[in-house]
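Work through the exercises below with the sequence and the model open. Try each task before reading its solution.

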Amino acid sequence: MNQEIYTQKLENAIYELKKLELYRLDSDTKLLKEAFEILYKHDIFSLYKVDKALHNAYKFILFSQLTKVSGSLAFLVIQILAANAIMAGNGFPKREEYFAKRCGIAINHLRAPVTVVSATKSEEGYLLNGTLTWVSGYGIFDTLLIGFHYDGYEYEAMAPFKSSETFNIGEVATSFVGNSMATVNIELKEFFVPFDEVVSSQLMGNYTKAKSVSKTIHFALYGLGLGAIETLKDEEVKKRASEKLELIKEQFLNTNDGAVMDSLRIELFMLVQKVITTGMVLYGGKSILIEEQMQRYYRELIMFNSNGLNDEIKELFRDEFLKSIC
């Protein structure tokens, strides 16, 4: 599937998505699921068919357009693409079966310095105990890629996303953005994972060490910036904002330096935040109405920028704030 074909599929999907009441995608899980199925129907999640070296180019096309339509939808897409990429990258024998499903992800706890989900080994698989936190897509995803530790190794495995005595799904969290994503905690109590559902096993710490410099958040923030700029009425503000956004885009597309990427993330966030705030002020009080785009972009900006934070990025934000008020 070349980029031209993928871009056309995406355009067709977005044309269909725009027939929905888009502002409701942030709060209505049923409607968000309908939107997710539109993307599935148009083969948007099939990046596992594309050479891994080209994934960033395809994801840039995807998120620069999709995030303008719905940040909640884009957030779920990030997860299914990650799950599919992990299955493909590890040559998981049952991957084709799971590519045909709607797969979420719950492995970020593997980067913690302690064991969050532990396992004991049986003759047929593993029994897991612990809590999976911040798991999105309940009622939308039918399966999950989950992580656990056993005997000095970190594992990734497939599991059904449905409640049971051993897979206890908690209450849906309430937040000021992305309520439709139905984010939950899941308590595992002797939850059984057969050997043939294990996707990968590596020495503990591998997830953190092997995690490459990701540009996905940059792509999403850029997409929000594009959407906000398109909404602006003031032509001078629109022109200057667009020029600056494109300059930052060229910089993050052309680097793989982690420190530079972190710095550009902050610069990108600050720019998009200013664009949204200025746009809302110029538009007036009606900009806070739920069906208006700018207030949604503002909330989704916070949502995306809260994802994947580490101590280095937090410190950079702190320093930037202190410099700005001197």
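Predicted model: local features only at pLDDT ≥ 70, side-chain atom pairs only at ≥ 80, totals over all residues.

## Exercise 1: a pocket lining

Sort the lining of the second largest pocket into nonpolar, polar and charged residues.

Solution. The lining holds six nonpolar, six polar and four charged residues. Here Ala, Val, Leu, Ile, Met, Phe, Trp, Tyr, Cys and Pro count as nonpolar, Asp, Glu, Lys and Arg as charged, and the others, Gly among them, as polar.

Residues are numbered from 1 along each chain as its sequence is written, and side-chain values use heavy atoms, with hydrogens and water left out.

Next, state the volume of the second largest pocket and the residues closest to its centre.

Step 1. The volume is about 260 Å³. Of the 16 lining residues, Ile 14, Lys 18, Gln 65, Lys 68 and Val 69 are the closest to the centre.

Step 2. The search runs on a 1 Å grid over the protein atoms alone; a pocket is an open set of points with protein on both sides within 12 Å along at least five of seven lines, and a lining residue has an atom within 4 Å of a point. Points are joined across faces, edges and corners, and the volume is the space filled by probe spheres set on them. The probe is 1.4 Å.

Step 3. Assign the helices. H1 (3–17), H3 (55–69), H7 (216–231) and H10 (293–305) each supply at least two lining residues. H3 gives the most, with five. Helices (H or I, at least four residues) and strands (E, at least two) are DSSP runs, numbered from the N terminus.

## Exercise 2: salt bridges

Find the salt-bridge partners of Arg 24.

Step 1. Apply the rule: a side-chain nitrogen of Lys or Arg lies within 4 Å of a carboxyl oxygen of Asp or Glu. The count comes to 19 salt bridges.

Step 2. Arg 24 pairs with Glu 21 at 2.7 Å, N to O. Arg 24 also pairs with Asp 28, with the closest N and O atoms 2.5 Å apart.

Step 3. Check exposure. Buried means under 20% relative accessible area, exposed over 50%, and partly exposed in between (1.4 Å probe, protein chains only). Arg 24 is partly exposed at 26%. Glu 21 is partly exposed at 41%, and Asp 28 is partly exposed at 21%.

Now place the salt bridge between Lys 323 and Glu 320.

Step 1. Their closest N and O atoms are 3.8 Å apart. Both residues lie in helix H11, three residues apart, about one turn of the helix.

Step 2. Lys 323 is exposed at 58% relative accessible area, whereas Glu 320 is partly exposed at 29%. Elsewhere, salt bridges that share partners join Lys 9, Asp 43 and Lys 49 into one network.

## Exercise 3: a nonpolar patch

Which residues form a nonpolar patch on the surface with about 300 Å² of accessible area together?

Step 1. The members are Phe 321, Leu 322 and Ile 325. Patch residues have over 30% relative accessible area and no salt bridge, and nonpolar side chains (Val, Leu, Ile, Met, Phe, Trp, Tyr) are joined within 5 Å. Areas come from the Shrake-Rupley method with a 1.4 Å probe.

Step 2. Ile 325 sits in the segment after helix H11 (311–324). Ile 325 is exposed, at 55% relative accessible area.

## Exercise 4: phi and distances

Describe the phi values of Trp 134 and Glu 190.

Step 1. Most residues other than glycine have a negative phi.

Step 2. Trp 134 has a positive phi near 55 degrees. Trp 134 lies in strand E3 (residues 125–135) and is exposed at 68%.

Step 3. Glu 190 has a positive phi of about 55 degrees. Glu 190 lies in strand E7 (residues 184–194) and is partly exposed at 40%.

How many Å separate the C-alpha atoms of Leu 188 and Ser 118?

Step 1. The separation is 9.6 Å, for 70 residues along the chain.

Step 2. Leu 188 is found in strand E7. Leu 188 is buried, at 2% relative accessible area.

Definitions and conventions
Patch = residues over 30% accessible without salt bridge, like charges linked within 9 Å, V, L, I, M, F, W, Y side chains within 5 Å.
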